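Welcome! Please take a moment to look it over first.

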Amino acid sequence: FGVERQRQEIRLDTNTPTLVTRYINGVVTGNAAFAEVRLPLLSPRPGSSRDRIALTGAMRRETSDRFEGHVQTKTLGLEAWATEKLLFRATYSTAMRPLLSYAAIQDVEPELDFFFDTALPDGYQIVPVVRGGGIPPELRPEHSTTATMGLLYRPSADWSLSLTHWDTKFRDQITFISAQTL
C-alpha cells in the first residue's frame, strides 16, 4: 500500500524570439493511493523458491488539477511455471496519461482557422479553435488498455528466450487535428 503526492512547477521567462511561448509560470499537483498484491496459488516445487502459479494485481487511484474527478487504473497478471525452465505469463492492465504539465499551465491560445469545402457558398468556413494552453473543463486523461501473453524459456542461468504478444488500445488521445481534417 502507498500514497504519493506530486508537485510540478514550471517557470519560463525569456525574450528568445525563436520560442513560441516566451512566458510560462505555473504549478500542477496530483495525489494518488495505490496497492499491490501477489497471491501464490500453487506452492513451489521441492528445491525451488518460485511459486508454480501466482496471481498479481495492482490498483491506483489518482486525482490531479490537470483533470476533473479521479482516474483509477489496474493491473492483473498470471504467471505459471510449467517446468523449472518454462514460464507462461499473461497480463491485463489499464493506464492513463494526463495532459502534460507544460501544456496545462499555459494560457489558452484561441485563434481562427479555416477549412475548404466546395459545398459552402464561399468555398471555405472560418472556425474558432484553441491552438494550445489551458485545460478545457471536459478534458479527461488519455486512457489505454493492454493485454499481453507470453512465455519465457530459461535453459540455464546464462541465457533465456522470451516471446510476448502485446495488444494495446488507446482512448481519448490528446492530439492536434486540423480543421480541414475534421
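The points below go from the whole chain to two residues.

This is a predicted model. Its protein chain holds 1 helix and 9 strands, and 23% of the 182 residues count as buried.

**The chain as a whole**
- Starting from the N terminus, the order of elements in the protein chain is β-β-β-β-β-α-β-β-β-β.
- If you take the contacts between residues at least 6 apart in sequence, 52% of them join residues at least 24 apart.
- The protein chain has an accessible surface of about 12800 Å², and carbon and sulfur atoms account for 58% of that surface.

**A stop at R89**
- You can find R89 in strand β5, which covers residues 86-97.
- R89 counts as partly exposed because its relative accessibility is 34%, between the cut-offs of 20% and 50%.
- Leaving aside residues up to four places away in sequence, R89 touches L78, E79, T148, M149, G150, L152, S162 and T164.
- L55 is 34 residues from R89 in sequence, and their C-alpha atoms are 9.9 Å apart in space.

**A stop at T181**
- T181 sits in the segment after β9, the strand at 161-171.
- With a relative accessibility of 59%, T181 is over the 50% cut-off, so T181 counts as exposed.
- T181 and F115 are 66 residues apart along the chain, with 8.3 Å between their C-alpha atoms.

Key
Residues are numbered from 1 along each chain as its sequence is written. This is a predicted model: local features need pLDDT of at least 70, side-chain atom pairs count only at pLDDT 80 or more; totals for chains, interfaces and linings use all residues. Side-chain values use heavy atoms; hydrogens and water are left out. Helices (H or I, at least four residues) and strands (E, at least two) are DSSP runs, numbered from the N terminus. Buried means under 20% relative accessible area, exposed over 50%, partly exposed in between (1.4 Å probe, protein chains only). Contact means heavy atoms within 4.5 Å. Accessible areas come from the Shrake-Rupley method with a 1.4 Å probe; for residues, only the protein chains shown count as cover.
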